[in-house]
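Subject: Structure handover

Hello,

Here is the structure we discussed. My notes on it follow below.

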Amino acid sequence: MGALRLERDGQVLQVTLSRPGRRNAFDSALIAELTQAFADVGDVRAVVLAGEGESFCAGADVEWQRAAIDLSFDENVEDAMRLYRMCDAIDRCPAPVVARVQGYALGGGSGLTACADVAIAARDAVFGFSEVKLGIVPAVISPFVLPKIGAHARRYFLTGERFDADTALRIGLVHEVVDELDAAVKRVLAELLASGPQAVREAKSLIRERPAGEETARIAAGLRTGEEGQEGLRAFLERREPGWR
């Protein structure tokens, strides 16, 4: 994979956008590689999504945008669907995804941030849904962004203005703003790895599916009577570490 770097360290997979000279901006190759990387992450217990160099992801690559000018309507639909499938693959990744965000995270970069389960931003991070500045809209990433920032989109989608990490935290796009980015990511990973592997994946599914009524009871009962739930409860009662730690 030319535009991505994949590194597995034990139970954690790091997926790094590796186009630092282009501020890790999207082109068709990077979109395809990200989709493939998240299509099957195997049995890892967490995925870190990062960008090499000074920026996380500065949105769409200029040359990719230039090529799109001459596409027909139908070709534009398919081009946009490739971006949607990439976001969907990250959003639906069964393992929790932690975004490590620094520098520019503009347009699709803000969309990537929204696709993560936990987004941690450096204080220098800069966000923005700048599509309207080009006469277009952030339609493709909107299904992933709107659940995070809600009514705040009424300002930031319309103005296209850039905003800082503290604003991103206030509107819900990121979960934490830190001075030591790597230390914060490591701390979150430690929390994830201390939890039951199946339970974490089931919790992510629970958030996405939002079951109700009897189905919630069946989910709870299934986990309580399952091998991992039994081990976790017994370890708690016996004041010992569960086997997955």
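In the second largest pocket, 22 residues form the lining, and D91, D117, K148, I207 and R208 are the ones nearest its centre. A pocket here is an open set of points on a 1 Å grid over the protein atoms alone, where a 1.4 Å probe fits, with protein on both sides within 12 Å along at least five of seven lines; lining residues have an atom within 4 Å of a point. This is a predicted model: local features need pLDDT of at least 70 and side-chain atom pairs pLDDT 80 or more, while totals for chains, interfaces and linings use all residues. Numbering runs from 1 along each chain as its sequence is written, and side-chain values use heavy atoms, without hydrogens and water.

The second largest pocket holds about 550 Å³ of space. Helix 9 (197-209) contributes the most to its lining, five residues. Helices are DSSP runs (H or I, at least four residues), numbered from the N terminus.

Helix 5 also supplies at least two residues of that lining. The buried residues (under 20% relative accessible area, 1.4 Å probe, protein chains only) of helix 5 (residues 142-149) are S142, F144, V145 and I149. Seen down the helix axis, they fall within an arc of 160° (taken from the directions from the axis to the C-beta atoms), so they line one face of helix 5. After helix 5 comes G150, with a positive phi near 55°.

The largest pocket has about 1,000 Å³ of space. Its lining has 30 residues, with A60, Q65, E131, L134 and I136 nearest the centre.

Regards

Definitions and conventions: Buried < 20%, exposed > 50% of the residue type's maximum accessible area, 1.4 Å probe, protein only. Points joined across faces, edges and corners; volume = space filled by probe spheres on them.
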